[in-house]
Structures are given as C-alpha cells and as structure tokens.
Amino acid sequence: MTEATIKLVGLRKAFGKNQVLRGVDLDLAPGQVTVLMGANGAGKSTLVKVLCGVHAADAGTVTLAGVAFAPASPSAALRAGVVTVHQNINDGVVPDLDVASNLLLDHLADGAGAFLNDRKMRARAREIAAAVGLEVDVARPVAGLALADRQLVSIARAMAQEPQLLILDEPTSSLSATEAERLFALIERLRAQGVAILYISHRMSDIRRLADRIVSMRDGAISGRFEGQPLDYSGAVRAMLGHEITEVDITIPTPGAPVLEARGLVLRPGARPFDLTAPQNEVIAITGLVGSGKTALAEVLFGLAQPTAGSLRLDDAPYTPRTATEAVAAGVFLCPKDRLINAVVADFDITRNLTLPFLRRHSRAHFLRRASENATATRMVGEMGVVCQSPADGILTLSGGNQQKVMVARWMAEASRLLILDEPFQGVDIQARRDICAKIRATAQTRATIVFVAELDEALEVADRILVLSEHSIVGAHRNENIDVAAIMAEVVDAAPETTRELA
Amino acid sequence: MNPDKRSAVELMIRYGFLVLMAGLIVFFGSTAEGFLTPFSAVFILQSVAITGILALGVTATLVVGGFDLSIGAVATSALMLSSYVMVVWELSAFWAVLLCLLMGAAVGLVNGLLIVKMKVPDLLATLGMMFLLVGAQRIPTEGRSISTGMSLPDGSTANGTFSEGFLMLGRHRLDLILPDLLPLSVVFLIAIAVAVWVFLELTRHGRLMYAIGSNAQAAALAGANVNRYKVVAYMISGVLASVGGILLAARLGRGDVASGNNLLLDAVAAALIGFAVLGASKPNAFGTAIGALFVGILLQGLTMLNAPYYTQDFIKGAVLVVALVFTFALSARGSRGRG
Amino acid sequence: MISRRVFTILMGAAAMLPGLALAADMPAPFDNPGAVKIALVRYLSTGDFFQAYLSGVEKQSAAIGVDLRVFDSRQDAALQADMVDQAIALGVQGIIVQHGLTESMQAAVQRAVDAGIKVVAFDVNVENPAVPQVEQSDRDLARLALEQAVVDNGEAWTAGYVYVPGIAPLDRRDETWKEVKAKYAGINQVAEFGTLDNPIANSVANQARSVLSANPNITVMFAPYDEFAKGVKIAVDEAGMSGQVSIYSADVSTSDIAAMREAGSAWKATAATNPAVVGEVSVRALAMLLAGEDPGHNVIVPPTLITQAMLTELDIKSMEELGAKLPAFAHADVAVPAWMPLPAR
C-alpha cells in the first residue's frame, strides 16, 4: 500500500458533555477512494468538520503528507490541500454569481487585489473547468445550471486548489442517475491523478461503483475496515449499525382488525409498489437506510405528500388526507423526527407544548380552559416520567430525552387510530428511550402503531413486527421473535434495488 | 452564576421596565408642574390612543412571526377615506366607519395572501402595500387635503361635512369622577387592548398564533392551519390600523395628506418595547399597551419641561434600544443559564 | 366659405386660450404662442400649499401661452439638481426653481444661466445675481399676525410659541417673533415646542396638550404655520381653554377657514400669501426676464391679514371665496408690465 496522504491518530471531539468523536484512527492513501459509512449521529459530519477546519479537535493528531495538520479555518484547510464538497450543493456555490466567479471564489475570498479583471478571470476559469470536464459557458450565472453542473462547479472550484485530499459528503443525494454517472467519471479521473478521496454515502449503488475500501463508523469511533476485493458490503453495514442487540422481552399480542390498509402504494416514480397493513394492537417498526423512503412513507400516511400511485383505507373507509389537519381529524397522528425543527415550540412551556394539537378539546367557545390543560399536562408528565420541576417549565430547560418524551406525550394525550412515530429515539439517552418504548407498547391496544427507526436494535426493542424499507419499497417483514438479524441486515443493504441495478 | 446573582438578573428582566416607568413618573411629577393630575394622565392616554391601537395590530402580526409595515399608510388611508365618504360623497358617519373598517380588512387580506400564497417576504409585501396606499389615498383628490368647501378635480365644490357623531369618536369626553375627563378614544384604546389581550392569551386561536410565531413547522405538523392564521393576523392589523385612522380623522376634523410613517414607527417602537415588559421576550398585548404608555409619559413629561422635539426623538430611540437589550441580551442570558 | 359653425368653434377656442388672443400684442418671444418652453423644478410637492402654487403656475403659463414642463424631485435634493440639467437638455428657455437646498441648487442654476436660460427661484436662495428671488415675505407674515395679536390682547401677555428650527421660512418668521418680543417687554414666552412628525397637526396637538397643562396661564399661542395652529387649536379645544387662549398663525387653507370660523374658535387670525398668486408671480417674473425686462432681484409677494371677524363678516367658507371676496388675496400687483396677460378669474 502506498504511503498515507493523511493520517488521523486518536482524534477526539466533544460538545459539552457529549463525546462525538471517541478516538478516531484512520489512514487515507493517495489514489484511493475510501467510503465512510455511519448512521446518523455516528460522528461522520463532525469528523469532516474537523478535517476541513470548522472545528478544532480536542485531542489526537492529524498529519498531512507527513506534516502536522491543524487548520484554524476552512480557508486554512483549503490552502493546505484539503477540500470538501458539502452535501447541500448550494453550500458550495454562490447561485447569483457567474461560473467564473464561483470557480475563483476562494481566490477572491483570499483577497487578490481590489479590482477584478473579467477577461483574465474567465480565461483562468475555463482552464479550471476543462480540468474536471465541465463544459459550460463560464459567464453564465450558476443559478441557471442543472444540479449536476452546479456540483461540478463546486468540485472544480475545489480542484483549483490542487488538493491532496478531496472529501465528498453525500454528493449524489440530489442527483439523477445520469448526473451521478458524470460525477463518478470525474472521481475516477481524480483517483487516477493520485488524489486521496474520502467519500461519504449510504447509497449502496454508489459504494459498489466507487469504493476501493470501506470504513464504518459507529458511536464516534471506527467500527470496521473493509479492504480487498470483493468488498464485504454486509459486514460494513453491520459494523455501521452495530449488533449489540439490547435484551428485550417482547410478548407479541394477537393483532386485531386492520386499521390502516395500503394497496399498491408507490412512493416515488419508478419505485416498486407494495402493500402494507397495520392492525389494531400491533406495533410495527419500519427500518431502512437513510434515503430508503421512510420519510416519504410517513409523509404519505400523514397527508403531507401524495403517493405516486396506490390507495389507502382507514378502518375500512377510504383515507385520502391532503393536509396534516385532515389526517389528525381522521385520527392519524404523526410524531415527527428532528423534534427541534418539526415539533418543539421553543417559546412554550411543557403544558402548552403538550396540548398544542388538541386545543379544541381544552377550550369552550374558543376560550382555553387552563384547568383542563393543566390536568392533561400533569397526567401525561406523570405517565411518561418527564423529569421536570413542574409542567410550567420552559420546554428548552429539559434534556433532549425529556423533550422527546413531551413530544411523544403530545400525541398520546388523545386516542388515535394510527399513531406514527418518526425516529422517536433520536437524540435521547438510553433511559428515555426505554421509557418511551415502554409507553408506546403499553398503550398500543387501542390503535395501530408504526415506528420509523434507522437503527435495527431500536426496532427490535419496540416492535411486534419489523418491516424493511429499501429503495422506497418494503422488501422484508419479520415477526420480532427469534429473529434472524443477519437476514434483516442483508435486506437493509442488498434488497432488490431496481434503480440501482440499472446503474451498476 | 451564583443563585443570588441570577435571581437579581431575573428580577431586573421581569420588573426592570416597570420600575423604570415608575421612576420616570416620580421624576416628572417632581420636576414638571401639573404632571401628576388626572387630566395629565388622560392627556397621556389620549396622545397614545392612536399609536397604541396601531401597535396592537402590529403585535398581532409579530405574534405569528410576521411584520406589517403598511399600518401607518392604512391609518392615513382610513383618514382620507372617511373624510372622502363624508365630505365628497356626503354619506353618514356610519358609512364612513364601515367602509374604513372594510378597507382595513381588505388590505390585511391582500397582505396576508401576498405573504402566504405568493410567498412574498412579509417586510417586502407590506412595504409594497405601504407605497401603494400612500399613493392611492392621494389619487381621488390629486394630492389635496379634504375639507368642507374644497374644490374637486372636476371643478365642483365638496359640500359634505364631518358629522357630529363621527367627530365625537375622537373628541367626546365622558364624565369619570371629574366631568369631561375620559375621551372616547381612550375608551377605544383600553377596550381594544383588553380584547387583543384576551384573544391572544385566553383563546385557542391566540395560542396557535403564538405557536406559529415560535415554530411554524411544528404548528403545521400539529394540524394548525398556519396560512389561515397568518392571514387573520394581517387582517387584525389592517382593521386596527383603520380604527386608528378613523380616530385620527375624528380628532383632526379633515382629511390630511400624510404618509403615516411616524405613526408606523411609533407603533412599532411601542410593540417592541412591549417585549421587555414583565420579561415576556415576545410580542404581547399588555406589553404593547405599556410600551405605548411609556412613550406617552416620556413625551408628555419632556414637552412639559420644554425639551425640543429632536431630544424627544433621541430619548425615544434610547428607550427602544434599552428595551431591546432587556429583551434579547438579558433574557437570552437568563434562559441560557438554565439550559 | 367659412360656415357659421366653424366660426363659432374658432371663437370658442380663442376665448378658451386667452394667451392666443393676445399673442400679437406681446413682446418677443411671446408673440409666437407655444414657442416658449419653461420648466418648473420642484423640491416640495405634497400638500395643499404646493398644489395651489402649481395651479397658479399652470394658470399664468396658460395665460401667456407658454409650454410648461413640471419636474418633481419629491424632496430629493440631488435629483432636483439633475432635473435642472434635464430641463437644460430639453431646450427650455426659462426655469422656475421651487424650493430646494442652496448647496445643491447653486451649481445647477449656474449651469442653466451659463446655457443662456433665464431662471427665477422661489423660496430658495441660489446665490446668483442673474436669478430673481421670488419670495413670500415670511417676516411680513409674522409681523401682520403679531400686530393683530397686540391689537387684540394689548402689549402684555403670556405666550406659547410653536417653532421647529432649521426650516428656512420658519426661521425667518422666528426672527420677527424675536423682534416683537424685544419691542414689547410685556410679552412673556413661557413655552416653546413643535415637531414635524406627520400628521403634523396630531403630533403638535399632543405636545400642546402637555404645554397647556404645564402652563395653564398662557393666553396667546403664536403658531406661525397653519399645521401648527391646527394642532394647537385641537389641544385648546380638548383642554376646554378656547375662551382663554387666542391663536395667531400664518398660512391659510379651506379647512383652516372652517376651523377659524367654528363658534368660539380660539384661532383669531392668520396672515397668508395666496400660494396660487405666488405661482402666478413666479411665472410673470420669468416672462419679464425672457422679454428682456428686469423684475428686480427680490420679487416679494405681499401677504394679507385674515381675521376671524373678516371671515364671519364676509361669510367666507373656502379659498375660492377668500379670493373672490378679499381682492388683496386673489391678486398681487407684482411683476405686471402693461403687456402681461393675467389669468381669467
């Protein structure tokens, strides 16, 4: 193996009490594509941010081509030869400027004299564009380009720095198959030129196409390294998702009558249609990788998006919600993921957060009844075991786990027909996770319950039945009893990816 | 931070502004002769009645996380419209009031639809509306003020008058303890302040509006009709601004050409000062009313002490800055200390 | 053969355009109607005063038969200077500068003068000997109103004064107020206030309320601008002091007339120059320059005193009636050479 371009030893980073990187050791060699896999919160983004100069590491060393590397800022990292193309394409370009200005942006930001010479700039920009095979008029504004071209601009801009290490963070997440193909061609060219490439992605098709080597990350440390053809893809996924399955004691009850029935559901054009039945008194966990369609399915069930095809029935009547309001009125509740963005009302106390969706029940002739609200809040805080001084505490004074308990309690305070919980264990400690899990199971008799989780052990902890979603379609169903974890893993990673096959 | 120090900061955030106001009253009471009389108190209320009512409208839009720059222009448009209805069309006070309220509601509706349907940012939509109204109110009279006996663009003379009933809205005073003490406009201010307070604090609609202002995405996912509430907020703002304009017309007794920018700025200042009252750190009707009163007391006292107008503007600005520091720096520190 | 109908139409047209009928009697360049182009470059335009001024300019221009272009800078001093250059480029022979800032207009006016264009300035000092300054005499306005105050109230009274410094006409009126105070030792000014926050009358009313409660012994309010006077009157009415306080002001409008005529109104007198007349005089002064005559460097339009008593006696309810019943107000005998056609009344 060639000498490492970049070498990370014992890298640590904490935010407050939260240890995000717990000693990362990693070598990246020139002319090699290393794919980095990791679930949400595994520490991938923090690692990238340390490498590109956004955060400083607390401990550990990084050497770049034998020299100590501790960039104080993103521009310092760039000058040292580490360039990063971020997930959100528009983070990498300035849409209102023309292509030439974008390509030379780092140069401009460095302060290259006060005056600009258009003709010289464009000539230089054309050289840079040609180097990455980007064929556009450099005088055009970036806002007028296709997504892939914008991305190429972003990469070309990075390449103008003649990097030693190129980091790509989920670069294909918003590209079409043909657009992605252009990107792959470019990456292969850069690999041939001897650039070390760190490629972060969950898309198995991308990984199969590009990876020379896979590194899995879990809980802030490297949990697996996979080299040598053929690569062990399932091993990599297992290392990323982990396999310490919590000992849980699930007694599967007899499911009742179907509450939700989906027939021939197609979540996006080109995806395989599937059926889904959620009976009363059953907790279903739906798992899958990032981008496998969990959010799309949740949105369809809650009326936030319309399916491409297929029909829904609720309690044997047609169910066609067009807004969240209609879904709630029909008795379908969604506790959304990313609570700080989608659920927490920061200005409100616990009580007001709890009663938000059902204010009508707590009011008489439009006027709120404080007593009714307080009674509900006191009851739910007690039942959920929210740790607080009183229900009048501000929501942001609570820990993440307790905030999440309040958000789940918000939707359990009233009886529902179908309760959907999207990543209910996101960013919560183990005790809160157990409490929420127990509460979901304890109240499940009166309704159907669907829980979306990315982590398999969470699914095993909460569900009667586990469904695996891949490429926007259900590819496996397992009763949560003597379960074959390896089989689920295989489905998570490998299952019939039709759109992927076209690419591979 | 040690507990004593923290509670001192919390006390300051909560009561600092009210203490400041009490101090101001004591100061003016001892230096300006005639400041501490019931009449003086009523003058203050009367001088803030119009901006106070406008400020309550702004508060409604601030609650849903919006902003309404058009209120000043709506008020002066209502001033011109009510004058036009009575003086040129020679209709009664009833029609003048009704048409003004409808105009305010319609402007609010258009503002709201521009913002939620056309996705125009709130500041820009209402800024556009402001210019539009400032121009539109001048078109029918070719930029002239409206008063009885004025000549119209077509050469004829306007013969209508402001009816007594209409003028009473801005000028009549009720007997309260002392005869002729309480102006009707003050009664309107108090009634509207109470109504807005009740609506925002005690009804579920007010609660949802606050939720929308704090996290619109969360409110939408909780099933609230975010767009409808936003439009309602702008309609409240438009209607209250037109009420302010009606009272202005009744006080002036003629349709004065004016941009209303000072009304807008004073109203916004009152609403923002209101953030600091009782450490609310958010738009609220009670705070807005206190904020308007605070500015009124300050201006009354300074005028009684013969302070020129520019020092008054200066001090108004200083109060606003201090209030914003109370709201953002101090209370942010307070909550960070806990989190 | 010319039919009777065509003849009637021709006569009618001639009657409607008095300038045309008289064109032959006027000196060059006005002997050729429509050949002369002039421009009015305005700094201030919103409000009754400026509207009336414009109507005066328009009427007098029509009477002489000149082609008038109006440029409106809406209180943008830089734009106003640019507009002078636009007017030069347009090939006008004469320019009236209406208000503005000396600093921004001086150079622009000099460029116009250098280009051989005749310029008159109204209420802005462009510091140019070739440019006649048309003025309504603010000192005379204040003097007339204050003389009436002395006639009504004697030589000793307690006064409140409304003033915002830095506004040229108000500063000139202020000079007269200072002179009058110096002349009559018995005048005791106890309060000075004022603001231009708009609506001005409403803001001034709020201030005047405070002043009246701080100084309940005030008997005369000198408010030398009608918006100020309107505000003071609202405050006096609200304080129930209209029997005690007398208001003296400057300027007049239809609604001011109504306010002065209200039963028991505290607004006793105002001194005013008819803005329409000032507009007419501005055009006439420019026309004299164009005809090679000298209107003089300072063209002063004299004000008229209007008292509550006059309005009641003559039953005047509007500006039109004021012009009709007070001839001194309708026309100023300024810049009127023999050949000058006057607007029809």
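I started with chain A and counted 19 helices and 22 strands there. Its radius of gyration is 25 Å, close to the 23 Å that the globule rule gives for 504 residues, so chain A is as compact as a globular protein of that length. I keep in mind throughout that this is a predicted model.

I looked up the extent next: along the principal axes, the C-alpha atoms of chain A fill a box of roughly 70 × 50 × 45 Å.

**Chain B on its own**

Chain B has 13 helices and 2 strands. I get about 75 × 55 × 35 Å for the span of its C-alpha trace along the principal axes. For the 339 residues of chain B, a compact globule would have a radius of gyration near 20 Å, and the 21 Å of chain B agrees with that.

**Who touches whom**

Which chains share the most contacts? Among the 2 pairs of chains in contact, it is chains B and C. I found no contact between chain A and chain C, and their closest C-alpha atoms are 29 Å apart.

**Chain A against chain B**

Here 25 residues of chain A meet 21 residues of chain B. On the chain A side, at least two residues each come from helix 11 (324-329), helix 12 (339-342) and strand 18 (367-368). Helix 11 of chain A gives the most, with 3 residues. By class, I noted 16 nonpolar, 6 polar and 3 charged residues on the side of chain A that touches chain B.

**Chain B against chain C**

In this pair, 33 residues of chain B are in contact with 32 residues of chain C. I looked for the elements of chain B that give two or more residues, and they are helix 2 (38-63), helix 10 (226-252) and helix 12 (285-304). The side of chain B that touches chain C divides into 11 nonpolar, 15 polar and 7 charged residues.

**Chain C, helices 3 and 11**

Now for some helix packing inside chain C. The axes of helix 3 (residues 48-64) and helix 11 (residues 275-290) of chain C come within 6 Å and cross at roughly 40 degrees. That angle makes helix 3 of chain C oblique to helix 11 of chain C. The crossing of these two helices of chain C is right-handed. Helix 3 brings residues including Phe49(C), Tyr53(C), Val57(C) and Ile64(C), and helix 11 brings residues including Pro275(C), Val278(C), Val283(C) and Ala287(C). I sorted this contact by class: 12 nonpolar, 6 polar and 3 charged residues.

**Chain C, helices 4 and 5**

How do helix 4 and helix 5 of chain C run, roughly parallel or roughly antiparallel? Their axes, for residues 77-90 and residues 102-114, come within 9 Å and cross at roughly 5 degrees. Helix 4 and helix 5 of chain C are therefore roughly parallel to each other. Among the residues that meet, I noted Ala81(C), Val84(C) and Ile88(C) from helix 4, and Met105(C), Ala108(C) and Ala112(C) from helix 5. This contact has 9 nonpolar, 2 polar and 2 charged residues.

Methods. Residues numbered from 1 in each chain as written. Chains lettered and ligands numbered in written order. Predicted model: local features only at pLDDT ≥ 70, side-chain atom pairs only at ≥ 80, totals over all residues. Contact = placed C-beta atoms within 7 Å. Helix = DSSP H or I, 4+ residues; strand = E, 2+ residues; numbered from the N terminus. Nonpolar A, V, L, I, M, F, W, Y, C, P; charged D, E, K, R; others polar. Axes fitted to C-alpha atoms, helices over the stretch in contact; angles between N-to-C directions. Parallel < 35°, antiparallel > 145°, perpendicular 65-115°, else oblique. Left-handed = near helix turned anticlockwise from the far one by under 90°. Rg over C-alpha atoms; globule rule 2.2 N^0.38 Å.
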